[in-house]
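Hi everyone, thanks for having me.

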Amino acid sequence: MKLKSPFNSVDFSSKICSLWGTALVFASILCFGSCAEDINENRDHFVFRYNEHSNISSLDPAFARDQRNIWPANQLFNGLIQLDDSLQIKPDIAKSWEIVDSTCTYYFTLRNDVFFHQNKVFGKDSTRKVTAHDFEYSFNRLVDPKVASPGSWVMNNVELVKAENDSVLKILMKNSFPPFLGMLGMRYFSVVPKEAVAFYGNEFRRNPVGTGPFQFKLWEENIKLVLRRNNQYFEIDEKGNQLPYLEAVAITFLPDKQSEFLQFTQGRLDFISGLDNSFKDEIITTTGQLQPNYESSVTLSTSPYLNTEYLGFFMNTESQEIQSLPLRQAINYGFDRDKMVKYLRNGMGIPAVNGMIPKGLPGFDAIEGYDYNPEKARELLAQYIAETGDTQPEITIGTNSQYLDICEYIQRELEKIGINVTIDVMPPSTLRQMKSSGELPIFRASWIADYPDAENYLSLFYSENFTPNGPNYTHYKNETFDSLYVAAQNISTIDDRKRLYTQMDSLVTSQAPVVPLFYDMAVRFVSKKVSGLGINPQNLLVLKRVKKEE
């Protein structure tokens with residue numbers, strides 16, 4: 001097997017990992033004890049505990065770029081609208097809205113009973129009511145060069161944000177962009193108070209002041225984060241009880257997934273999200289069911305996840321292998337996605353045989369994609385050889401260690417049909433950088449929807465979005481695709497947009513600038529003591545309705 005890797009000694013690495021894992025478990029036990037002191041150990045059944053293995057870089061919603069930052073920000077902040085577990089748009093701080101299509105203008109009417117978390121920045125009253133002026137400030141802050149928010153792109157289609165008065169916010173768009181209303185559910189669009197940002201400056205990242213169901217208590221970076229119940233929170237349940245039910249949220253930062261799993265099995269964590277090779281066979285069967293010894297203590301929740309895992313070809317290259325459509329199609333036909341998902345993901349995923357748009361989004365359709373067909377793959381490979389004279393085609397796939405097993409499986413299957421494959425393993429940060437700069441001819445990647453519209457996935461192939469100015473990592477360009485993409489932006493009804501989305505997905509699939517692998521599943525293992533923790537296609541963590549038994 002040809003494998004380039006920065007790791008030279010497997011035995012030495014595993015010993016170090018074992019010792020490090022033991023140390024982390026011991027440290028986590030001490031940390032949980034410390035957290036208990038901060039929260040009140042006698043009220044543990046009111047405390048929800050989870051681990052964030054990637055650490056958290058900021059609690060400022062302007063930097064809620066990925067899941068590690070989005071999850072705590074979701075407890076601390078609110079926006080104009082929110083999405084339910086079915087991705088339906090629901091009111092949040094905006095109680096109603098009006099859309100004037102002729103002028104591409106939105107008018108949002110706000111609730112008058114929402115207050116910021118208590119903080120010294122507000123003076124003797126310790127808090128104040130949220131107004132439309134706060135939203136005007138918060139949205140314009142996203143495009144402030146001094147802030148340098150990675151979410152500034154969400155304002156690309158916005159011409160103007162203006163508070164008409166304390167309770168009405170006006171948003172004028174540069175042009176029609178129907179997905180915008182759903183985008184407002186992103187944490188980037190959270191409301192923050194100008195006083196707090198001005199007072200804390202760059203330290204607002206670790207001194208957040210929001211309106212959410214929980215408020216900031218303490219953060220020892222890479223050790224623990226504690227959020228306390230916001231007693232002034234504005235939402236109530238169906239029976240009129242104030243949310244949230246929990247007293248606190250406690251987050252630890254074990255970087256090792258196996259140690260995280262051990263903490264969960266010992267009852268020190270209330271849930272874990274996702275599968276990892278270190279424990280997947282321990283807790284679930286090859287058919288995706290809970291192992292019998294966990295059925296009495298753990299609930300398994302799954303949902304289609306708006307995440308497509310794929311291999312991308314960098315099209316702006318002189319490589320004759322990458323430039324060849326028959327070879328790209330041969331790769332797509334050359335391995336069994338069903339077997340890959342069953343044995344490497346324990347059935348937790350949907351084989352991506354129908355294009356890039358995942359199941360669960362309008363625009364997904366059972367279009368003709370690439371089923372496993374080794375005979376067809378060999379025919380296409382023969383066509384490539386006849387066209388180029390290259391009898392020994394070679395490709396290199398860039399990946400990180402987390403997806404090495406999948407890339408090795410693809411490697412073995414493609415070599416059976418005559419395509420030589422090298423796997424280049426690199427740290428995640430290096431993979432991201434080299435993918436963005438076009439230094440990898442083939443790269444393993446995933447795309448998680450920022451908002452619940454298929455346009456999010458199709459933007460990966462729009463020629464105006466070439467990296468580094470957008471998410472088109474493959475540098476795919478097709479005039480027909482571009483015209484359909486632009487046309488879809490001017491259609492307000494989802495059913496009509498869906499037809500164009502399906503056409504675009506079919507076109508990309510036929511041109512094969514990518515190899516869709518599988519549509520991911522959101523997977524949660526939850527303690528039986530916990531109730532009210534839903535699951536959704538964006539894998540957002542919503543804790544305001546969670547209860548925990550003694």
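**Holes and helices**

Let's start with the largest cavity: helix H16 and strand S18, which spans 514-527, each give at least two residues to its lining. Keep in mind that this is a predicted model.

So who lines that cavity? Asn332, Gly355, Met356, Tyr370, Val508, Thr509, Ala512, Pro513, Val514 and Pro516 do. The volume of the largest cavity is about 50 Å³, and the count of cavities of 30 Å³ or more comes to four.

Next, a pocket. The second largest pocket has a volume of about 650 Å³. How many residues line the second largest pocket? There are 33, and Pro178, Pro179, Asp453, Ser492 and Arg497 lie nearest its centre. Strands S5 (94-100) and S6 (105-110), together with helices H4 (180-183) and H16 (494-511), each supply at least two residues of this lining. By class, you get 21 nonpolar, nine polar and three charged residues there.

Okay, on to the helices. Find H9, residues 325-333, and H11, residues 374-388: their axes come within 8 Å and cross at roughly 160 degrees. Angles over 145 degrees count as roughly antiparallel, and therefore H9 and H11 are roughly antiparallel to each other. The crossing of H9 past H11 is left-handed.

Where they meet, H9 brings Pro326, Leu327, Gln329, Ala330 and Tyr333, while the H11 side includes Leu380, Leu381 and Tyr384. In that contact, nine residues are nonpolar, two polar and two charged.

Conventions
Residues are numbered from 1 along each chain as its sequence is written. This is a predicted model: local features need pLDDT of at least 70, side-chain atom pairs count only at pLDDT 80 or more; totals for chains, interfaces and linings use all residues. Side-chain values use heavy atoms; hydrogens and water are left out. On a 1 Å grid over the protein atoms alone, a cavity is a set of points where a 1.4 Å probe fits but cannot get out, and a pocket is an open set with protein on both sides within 12 Å along at least five of seven lines; lining residues have an atom within 4 Å of a point. Grid points are joined across faces, edges and corners, and a volume is the space filled by probe spheres set on the points. Helices (H or I, at least four residues) and strands (E, at least two) are DSSP runs, numbered from the N terminus. Ala, Val, Leu, Ile, Met, Phe, Trp, Tyr, Cys and Pro count as nonpolar, Asp, Glu, Lys and Arg as charged, and the others, Gly among them, as polar. Axes are lines fitted to C-alpha atoms, for helices over the stretch in contact, and angles run from 0 to 180 degrees between N-to-C directions. Angles under 35 degrees count as roughly parallel, over 145 as roughly antiparallel, 65 to 115 as roughly perpendicular and the rest as oblique. A crossing is left-handed if the near helix is turned anticlockwise from the far one by less than a right angle, and right-handed if clockwise. Contact means heavy atoms within 4.5 Å.
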